[in-house]
Amino acid sequence: MDQLLQQIEQYKQEISSVVPDGAEALEAYRIRFLGTKGIVKGLFAEMKNVPGDQKKEFGQVLNDFKQLAEGKYEDWKNSLGGAATGKSAAIDLSLPGDALPLGTHHPITLVRDQIVHIFGRLGFSVAEGPEIEDDWHNFTALNLPENHPARDMQDTFYINQNPDWLLRTHTSSVQARTMEKQKPPIRIICPGRVYRNETISARAHCFFHQTEGLYVDENVSFADLKQTLYFFVQELFGKDVKIRFRPSYFPFTEPSAEMDINCRICGGSGCAVCKHTGWVEILGSGMVHPKMLDNFGIDSNKYTGFAFGMGIERICQLKYRINDLRLYSQNDVRFLKQFTGAV
Ligand code: PHE
């Protein structure tokens with residue numbers, strides 16, 4: 001035991017006299033003192049030969065020695081780390097932090113927010129519903145009974161049949177859900193993602209975004225519909241925008257109309273986007289079919305309403321001249337980072 005203590009004393013002196021040198025000398029030191037076959041391990045192995053009553057004292061000395069050997073190693077290593085990078089090993093708190101790259105809003109989000117804001121000013125609140133819908137809310141309640149040919153207007157992804165579960169083809173399903181719960185006056189818009197089974201190309205995608213709207217109250221007329229939608233496009237595209245309505249058909253509105261605006265790309269002179277007509281369709285609309293109101297226990301003799309629905313991608317295309325629908329979902333940063341500010 002005394003011999004061991006003496007030896008430890010010698011090692012201590014050796015350690016304190018070592019002058020830290022380069023990485024190689026450090027590694028040699030580590031192997032000699034701290035390696036798996038090194039001095040510290042070796043001394044611990046001697047423990048079993050120390051008489052029982054001296055084990056405690058020896059253990060203490062050994063632990064102190066181990067800490068000394070390790071401490072030397074850490075200090076040495078830190079001093080080398082600093083030298084290698086040419087900086088002090090201590091953290092320089094005066095340095096500026098790493099800048100976090102900030103993302104940008106997706107153009108669909110920007111346009112959706114603006115649509116929500118404009119209608120918000122007219123008293124419309126946002127309503128939401130599930131993307132996986134049942135047949136009733138997506139079709140039947142909207143005056144599209146089974147086998148109705150108008151169901152083919154929207155190619156549907158079915159998740160389950162009998163009972164039918166599907167990916168909603170429009171956010172009119174949210175209008176249905178709202179009328180189920182709420183009595184007039186109702187003034188909502190329903191932004192959200194919708195799905196249709198279409199081959200993906202520059203002009204079609206299997207999913208896109210809509211904002212639909214619904215207004216039900218006493219004395220709501222087609223003039224209200226027209227004025228509301230005219231105000232909306234003026235706010236969105238500028239006061240110079242022109243509109244026109246064309247008669248159309250939707251099972252849940254009667255009469256129905258599609259609304260066009262003069263092409264924002266060519267200004268009306270004719271281009272590929274407006275198919276050389278000078279006009280671009282931006283939404284479907286109409287007076288809520290009385291049968292729909294009755295489906296939800298709303299007295300169609302007392303109340304009337306209008307509804308409309310638009311594709312956000314189309315509005316975005318006209319605002320930003322985006323000519324390929326696929327760009328919206330490819331997540332290409334070169335495309336996305338162009339949309340930095342408010343619309
Ligand atoms: N739901 C229709 C569509 O997706 C749009 C629409 C909504 C038309 C409300 C009229 C009234 O095509």
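Is Arg-244 buried, partly exposed or exposed? Arg-244 is partly exposed, with a relative accessible area of 33%. On that scale, buried means under 20% relative accessible area, exposed means over 50%, and partly exposed is in between, with a 1.4 Å probe and protein chains only.

Before I go on, the ground rules. This is a predicted model, with residues numbered from 1 along each chain as its sequence is written; local features need pLDDT of at least 70, side-chain atom pairs count only at pLDDT 80 or more, and totals for chains, interfaces and linings use all residues. Side-chain values use heavy atoms, with hydrogens and water left out.

Salt bridges come next. The term stands for a side-chain nitrogen of Lys or Arg within 4 Å of a carboxyl oxygen of Asp or Glu. Side chains of opposite charge can pair when their charged atoms come close. The whole structure holds 14 salt bridges.

Back to Arg-244. Its side chain meets that of Asp-260 in a salt bridge, 2.8 Å from N to O. Asp-260 sits in strand β8 (residues 253–262) and Arg-244 in strand β7 (residues 243–250), so the pair ties together parts that are 16 residues apart in sequence. Strands here are DSSP runs of E, at least two residues; helices are runs of H or I, at least four residues; both are numbered from the N terminus. Asp-260 has 2% relative accessibility, so Asp-260 counts as buried.

Now look at Arg-246 and Glu-258. They form a salt bridge too, and the closest N and O atoms are 3.5 Å apart. Arg-246 is in strand β7 and Glu-258 in strand β8, 12 residues apart, so this pair also links distant parts of the chain. Arg-246 is partly exposed at 27% relative accessibility. Glu-258 is buried at 17%. Salt bridges with shared partners join Arg-244, Arg-246, Glu-258 and Asp-260 into one network.

One more pair. Arg-112 forms a salt bridge with Asp-113, with the closest N and O atoms 3.0 Å apart. Arg-112 is partly exposed at 32% relative accessibility. Asp-113 is partly exposed as well, at 36%.

On to the ligand. Which residues come nearest?

A polar side-chain atom of His-170 lies 3.0 Å from a ligand nitrogen. In the side chain of Arg-196, an N or O atom is 2.9 Å from a ligand oxygen. In the side chain of Glu-212, an N or O atom is 2.8 Å from a ligand nitrogen. Taken alone, the ligand exposes 320 Å², and the protein buries 92% of that. Areas come from the Shrake-Rupley method with a 1.4 Å probe; for residues, only the protein chains shown count as cover.

His-209 is buried, with a relative accessible area of 16%. Its side chain makes a polar contact with the side chain of Glu-313, at 2.8 Å. A polar contact is a pair of N or O atoms within 3.5 Å; within protein, one must be able to donate a hydrogen and the other to accept it, and residues adjacent in sequence count only if both atoms are side-chain atoms. Leaving out residues up to four places away in sequence, His-209 touches several residues, including Ile-108, Gly-192, Arg-193 and Met-310. Contact means heavy atoms within 4.5 Å.

Glu-313 takes us to α10. Its buried residues are Ile-312, Glu-313, Ile-315, Cys-316, Gln-317 and Leu-318. Their cover includes α5 (107–121), β6, α8 (222–237), β8, β9 and β10. After α10 comes Arg-321, with a positive phi near 60°.

Last stop, Leu-327. Leu-327 lies in the loop between α10 (312–320) and α11 (333–336). Leu-327 is partly exposed, at 26% relative accessibility. Beyond its neighbours within four places in sequence, Leu-327 is in contact with Ile-322 and Phe-335.
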